[in-house]
Amino acid sequence: MPLHAFAKAYTSYLYNDYIYSMIHSLQAVRNLKILFCFLCVFTSVVSEAQVFFNEKSQELGLSTSSWGQDANETYGGGISFFDFDDDGWDDLTVSSAEGLPVRFYKNNNGTFELINLPGINDELFQTKSVQWVDFDNDGDYDFFSTSNQPTGDTRLYENQGDLTFIDITVTAGLSNSGHQSFGASWGDYNNDSFLDVFVVSRFFDSDTQFNILYKNNGDGTFTDVSVEAQLLQENTLSFCSAWIDYDKDGWQDIYVSNDKIQNKNILYHNNQDGTFTNVAEAAGADLAIDAMSTTIGDYNRDGWLDIYVANSQQGNAFLRNNGDGTFTDVAPNNGTLLQSFAWSSVFLDADLDTDLDLYVSTSISNPDSGLLSAAYYNNIGNGLYTIPDDIGFEDDISISYSNAIGDVNNDGKYDIAVLNCLPDPVFLWENETENNNNWIKIKLEGTESNRQGIGSLIELSINDEKQYNYTLCGEGYLGQNSSYEFFGIGDATVIDLITVYWPSGQIDVVTLPQINTTLTVIEGEPQLGLEEIDQEKIGLYPNPSHSEIQISGLQNYINGSLEIVDLSGKVVQTVPIENSDMTLDISDLSTGVYIARLGAQTVSTHLKFVKM
């Protein structure tokens with residue numbers, strides 16, 4: 001291996017604390033030869049990553065969109081990379097400092113245009129979170145913002161269906177003058193299909209700036225249920241929060257990032273009765289750090305949601321979900337500690353190789369400080385991350401707070417928007433990674449659940465290998481990511497199953513979806529396969545059943561096959577289809593939900609049934 005390549009690998013490892021920890025142990029001496037071989041393999045992994053991002057804000061029309069009027073103003077603001085006009089292209093929304101308007105950038109087939117949204121741009125006030133949410137389940141996106149100004153309320157603007165808006169903050173019951181808010185996140189804590197909002201406050205000089213849970217009453221109004229829900233009634237200097245079903249019981253919990261070591265982070269367990277209990281200490285999630293934000297993802301693809309927490313110079317935290325109600329901080333050992341002034345982060349599969357990488361923004365702008373202004377961590381497998389060189393971020397020396405991910409040009413690759421303070425504009429890091437990896441983007445439309453499908457777990461299965469995405473509204477530091485969930489599938493050309501676990505308890509399965517495209521999954525509707533067929537001609541009964549099921553209307557499937565697939569994606573039974581009607585013996589199956597997957601030549605579909 002060339003000397004410069006070895007030096008590159010060694011430097012990267014030293015930064016990530018691997019070498020440091022090993023040379024301070026006797027095991028390093030005994031395993032020096034093994035370490036050298038590992039570094040060679042590691043260097044190969046880095047060189048083959050082929051990840052590259054190109055900053056293209058001016059080229060794409062974003063040259064005047066920095067936050068604030070001063071170089072470093074009140075911890076910056078938020079950014080949303082969300083398709084607010086629902087035309088299939090991810091737009092940008094940029095928060096405002098005092099005296100400036102919120103800026104709305106419409107994505108016109110890959111370039112941005114600054115537009116006015118009547119009813120919102122009438123006032124100039126400082127905003128922190130800027131979010132799009134269908135709070136009334138009417139199929140269009142309403143606009144919500146928070147403010148940390150003494151006179152700044154949260155604001156809710158109802159979309160009239162044509163991108164004109166009415167300020168309904170007061171009539172909706174969200175006006176709380178004097179509540180100086182930072183982050184907000186939306187979830188359905190009582191599973192009534194209407195999204196509720198959790199608003200947090202970070203304000204030093206007050207003992208009354210509590211976090212607030214607003215219950216969505218389903219009639220256009222909200223009620224402050226913070227006391228009723230048994231949330232802490234104290235000032236915890238909370239920057240942000242995120243909804244997360246960390247224990248997979250079907251009820252959304254809340255994780256809260258608190259500033260200063262005297263304010264430990266909070267994990268509110270949903271008791272399923274309208275109340276919450278802070279279980280952070282028992283769960284090992286009560287971090288005592290300068291926590292700025294929380295980011296949710298399943299980095300090790302085990303189906304349990306993990307949490308990444310941005311922190312100041314003491315180092316970030318990476319809470320691995322152990323699947324038993326507890327978390328372990330693996331940041332000191334997996335290469336993601338950072339130890340800079342981190343504010344926001346996003347999980348993303350930048351190279352579409354099936355695992356989640358990580359991008360982190362910081363407020364460091366001095367390259368001579370020795371601290372990173374931004375960090376892209378490549379997932380190299382086995383839960384380990386490293387910072388590759390020469391991928392585009394080397395010259396990022398801006399003061400950055402919020403970031404979000406979306407897809408500028410609909411090529412299936414995550415792009416990153418970063419909100420900077422003056423003198424720099426918003427950065428738009430376009431993902432120009434070149435490889436032959438495939439992908440799929442998924443958008444949810446709830447019917448029994450909330451319309452956006454927030455709080456759903458999406459499982460993608462290929463040859464019994466799985467990936468998981470969890471849908472959120474409001475995450476990271478004052479950010480909002482795309483409404484489309486991205487999955488990289490590497491060199492695979494067939495996706496076996498996509499399973500959506502909705503907050504309502506509904507489970508929908510899509511078989512053999514088309515790759516390299518966008519798929520919309522509508523809750524409870526049959527999902528068609530390679531060729532659309534008349535579902536009404538296929539019957540399956542009785543359902544549920546104890547011992548056997550009858551399937552009729554199989555004329556198009558004769559000489560094909562029927563596979564019974566469990567919800568893990570495992571094929572448990574295969575039978576040929578020889579007639580238009582057939583009887584299937586299911587007496588040996590375990591109780592649960594199964595998919596009868598039908599296939600013949602160019603037609604494919606599935607039928608869901610329950611074994612009693």
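**Close-up views of a predicted model**

View 1. A cavity is a set of points, on a 1 Å grid over the protein atoms alone, where a 1.4 Å probe fits but cannot get out; lining residues have an atom within 4 Å of a point. Grid points are joined across faces, edges and corners, and the volume is the space filled by probe spheres set on the points. Three cavities of 30 Å³ or more are found in the whole structure.

This is a predicted model, in which local features need pLDDT of at least 70 and side-chain atom pairs pLDDT 80 or more, while totals for chains, interfaces and linings use all residues. Residues are numbered from 1 along each chain, and side-chain values use heavy atoms, without hydrogens and water.

**View 2. Strands at the largest cavity.** At least two lining residues come from each of β31 (465-470) and β33 (485-490); strands are DSSP runs of E, at least two residues long, numbered from the N terminus.

**View 3. A four-stranded open sheet.** The strands follow the order β18-β19-β20-β21, with antiparallel pairing (at least two DSSP bridges between two strands). β18 (293-297) and β21 (327-329) are the edge strands, each with a single partner, so one side of each has no neighbour in the sheet.

**View 4. The β19-β20 pairing.** Strands β19 (residues 306-310) and β20 (residues 317-321) run antiparallel and are joined by three bridges. Y308 has F318 of β20 as its bridge partner.

Notes:
1 Å grid on protein atoms, 1.4 Å probe; cavity = no way out; pocket = protein on both sides within 12 Å on 5 of 7 lines; lining within 4 Å.
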